[in-house]
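Here are my notes on the model, as numbered points. Please read them with the structure open.

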Amino acid sequence: VLNIDWNALTADSAGATTTEQFIVELEKEVPKYNSVVVLMHDAGTKQATAEALPTIIQYFRERGFEFENFYSIIKKIYKLGNINYVNIVTQSDEISG
């Protein structure tokens with residue numbers, strides 16, 4: 001069984017509705033990690049979340065993060081024999097393949 005879980009959030013489900021609020025929430029957790037999985041919601045009432053996505057992507061890129069899909073990360077994890085934990089956003093020096 002492979003478990004993939006989030007370790008940062010934008011608080012869009014808790015009432016945050018602006019890009020600035022989302023970034024403030026990310027700043028609480030992102031600096032603690034080399035790999036980040038961000039919890040965000042895509043419900044119809046979360047239009048601000050979708051609109052903030054380009055800024056959130058830029059936020060991560062400016063901090064040296066790269067984006068990968070789950071499939072490519074899972075392939076790397078299985079290849080390396082480490083299936084304890086998988087993250088979707090990883091800093092470039094963490095996973096080499």
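1. Start with alanine 11, which sits in the loop between strand 1 (8–9) and helix 1. The model is predicted. Alanine 11 has a phi near 65°, a positive value in a residue other than glycine. Most residues other than glycine have a negative phi. Please look at this spot.

2. Is alanine 11 buried or exposed? Its relative accessibility is 9%. The cut-off for buried is under 20%, so alanine 11 counts as buried.

3. Now the overall layout. The protein has 3 helices and 5 strands. From the N terminus on, the order is β-α-β-β-α-β-α-β. Contacts also deserve a line. Take those between residues at least 6 apart in sequence: 66% of them join residues at least 24 apart.

4. Next, surface and burial. The accessible surface comes to about 6,200 Å². Carbon and sulfur atoms account for 52% of that surface. Of the 97 residues, 29% count as buried.

5. How do helix 1 and helix 2 pack? Their axes lie 9 Å apart, at an angle of about 50°.

6. Which residues form the contact between the two helices? Helix 1 brings Thr19, Phe22, Ile23, Leu26 and Glu27. Helix 2 meets them with Ala48, Thr49, Ala52, Thr55, Ile56, Tyr59 and Phe60.

7. The largest nonpolar core holds 13 residues. Those that touch the most other members are Leu26, Val30, Val36, Ile56, Tyr59 and Phe60. Two elements give two or more residues to this core: helix 1 (19–29) and helix 2 (47–62). Helix 2 gives the most, with 4 residues.

8. Isoleucine 56 links several of these points. It is among the core residues that touch the most other members, and it takes part in the contact between helix 1 and helix 2. What does isoleucine 56 contact, leaving aside its neighbours within four places in sequence? The partners are Thr10, Phe22, Ile23, Leu26 and Met40. Of these, Phe22, Ile23 and Leu26 are also on the helix 1 side of the helix pair.

Note on methods: Residues numbered from 1 in each chain as written. Predicted model: local features only at pLDDT ≥ 70, side-chain atom pairs only at ≥ 80, totals over all residues. Heavy atoms only, no water. Core = buried A, V, L, I, M, F, W, Y, C linked by side-chain atoms within 4.5 Å. Buried < 20%, exposed > 50% of the residue type's maximum accessible area, 1.4 Å probe, protein only. Contact = heavy atoms within 4.5 Å. Areas by Shrake-Rupley, 256 points an atom, 1.4 Å probe, with all protein chains shown as cover. Axes fitted to C-alpha atoms, helices over the stretch in contact; angles between N-to-C directions.
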